[in-house]
Protein chains: 2
Amino acid sequence: MSTAPGRAVGIDVGGTKCLGVALDGHGQIVGEHRLRTPRGRGSLPKLIDTLVELVDVLGPCDEVGVGVPGLVTRGGVLRAAANLDEVADFDVAGLLGERLSRQVHVDNDATCAAVAEWRLGAGVGSSDMVLVTLGTGIGGGLVSGGRLQRGTNGFAGEYGHMVVDPSGPPCPCGRRGCWERYASGSGLARLAREATIGRRADRVLEIAGGDPEAVRGEMVQEAAREGDPDALAVIDEFGRWVALGLVNLANALDPERFVLGGGLAAGADLYLGPITRWFGELIYQPELRPMPAITFARWHERAGAVGAALLHSAHVVGDPT
Amino acid sequence: MSTAPGRAVGIDVGGTKCLGVALDGHGQIVGEHRLRTPRGRGSLPKLIDTLVELVDVLGPCDEVGVGVPGLVTRGGVLRAAANLDEVADFDVAGLLGERLSRQVHVDNDATCAAVAEWRLGAGVGSSDMVLVTLGTGIGGGLVSGGRLQRGTNGFAGEYGHMVVDPSGPPCPCGRRGCWERYASGSGLARLAREATIGRRADRVLEIAGGDPEAVRGEMVQEAAREGDPDALAVIDEFGRWVALGLVNLANALDPERFVLGGGLAAGADLYLGPITRWFGELIYQPELRPMPAITFARWHERAGAVGAALLHSAHVVGDPT
């Protein structure tokens, strides 16, 4: 079987589907395929079959990378994953590598998204970039000093569980006031539900059929696009919480650029203004520092797969010192 | 003038004194000298004179480094400094370099302390290390992927102004609930004062001469060393706040090791237990990750000067990519 020079396959494993892309040596998507993610008891061997099938369908390549949702060790083992079944120390790199008789690069899906934006997206040319994925929860990835940073175990970028209010609402992780309770899609829905209960978001409540428990982030977006001031106020409050976490990361890391990805990127036009304004209000010593760029991601649902295809160029091989 | 091979001079500029050390090529301190920091109107040229004098006194050397308190650009310009007078874009690297006719490395004092611990102290051998200085405020430095990380402007490591409670006590920086309102020396004193007002720290209040406003962190330490349960409870609460910030940094950065320096390191025996215990309570998914090491610094008041002497080996020269 001949190999197209520089061709790489990347696969993003999600809770419902696995998306595979083939990139040519210029970073162009030259193939794409989706398969359903096997779920339920005994599904993990079938998941490896699915990954093998995607690599087969997408054709001969020089590199294979996989992004998976959860904590991934530097050796490519998925320690746990909330959106997959029965995962406990699932050796994706080892099992898939054995089936394909080749090296496979495996990393966290948000780390893959960071690589996609850094190499071929909104963060091209940046040596200090923080990617934050604003989805159901919050994940992320980090480039510092011109290198992808994965942390000592490979777990860097779990920004969503930074505590921003120890007396805040409980988080499924067992603590209170994690950033993702405020600044994710579910955080936006929670802020909106609280506004409806306080009778400060009648139009959102109407869109939700009158049931506060049915309020979702998309409904806030819809009302905001109609110009509803209550919905815009919820989005402003949401923007303040997003900015608060970005400011904390800026104080620690001083990035040149933040890239915001994940499902909420679909409402970038609504969120970017409030986030940027609140960032300027909240940053430490704004008069002494250039503001970092804050942009939304270029890659949307393909970010994880594209970044997985590029992992081979982002993982530093050999002694990092 | 002959030069001792590998000899380096480092100077730590503080609000009251400038401490200079000379290190030989093996990292041993072979010379040390202190001079008073010039203060008041027109003192900055005198500060450069003081630095020149320290380099002269400490003898011929191959490298000179300086640590200064405040935001330092990657070009060695001190943007501002709360504990020095009239500082506004003070070009330490340029002015001192001109006087000495040589390259001078200049960085933030906490970044210097991180270099000292990483190269010759508690963090030797660690490629992912977070140094946090717990003093009057909180500063810090960062090593990721085997390299010192300074951020795009040189301002990385300002951990003290990460907000951990947006409705918390006001901070001189203009916001509320910054980490250093809780987890620094002044944070400890504040927690203790609140305990005395609530009549939960009678022994501390007694040491303070009955005046809650006179309570200092050292008095809490003193009472705790006597075994006073109220003081120990304050230290436990303080340890929880320190741990909360460390956990936030661990979620973002996944370091192998935290090194705690600054003035509070003098009470390491009292603080380390509560900090470590609370860290285990608060970290996200503790069952899935090895705990990072949490240790106090090896270098105490000399950390900044020793690290300044080592800056030449920590600043990556050339293109970081």
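Author: Let's start with one pair of residues: Asp12(A) has Leu19(A), in β2(A), as its bridge partner. Strands here are DSSP runs labelled E of at least two residues, numbered from the N terminus. Before going on, please note that this is a predicted model, in which local features need pLDDT of at least 70, side-chain atom pairs count only at pLDDT 80 or more, and totals for chains, interfaces and linings use all residues. Residues are numbered from 1 along each chain as its sequence is written, while chains are lettered from A and ligands numbered from 1 in the order in which they are written.

Asp12(A) lies in β1(A), the strand of residues 8–13 in chain A. β1(A) runs antiparallel to β2(A), residues 17–23, and six bridges join them; two strands count as paired if DSSP finds at least two bridges between them. A hairpin of three residues links β1(A) to β2(A).

β1(A) has another partner: β4(A), residues 63–68, pairs with β1(A) in the parallel sense over five bridges. There, Gly10(A) stands opposite Gly65(A).

What about the faces of β1(A)? Ala8(A), Gly10(A) and Asp12(A) are buried on one side, and Val9(A), Ile11(A) and Val13(A) are buried on the other. In total, six of the six residues of β1(A) are buried.

Methods
Buried ≥ 20, exposed ≤ 12 C-beta atoms within 10 Å, placed from the backbone. Helix = DSSP H or I, 4+ residues; strand = E, 2+ residues; numbered from the N terminus.
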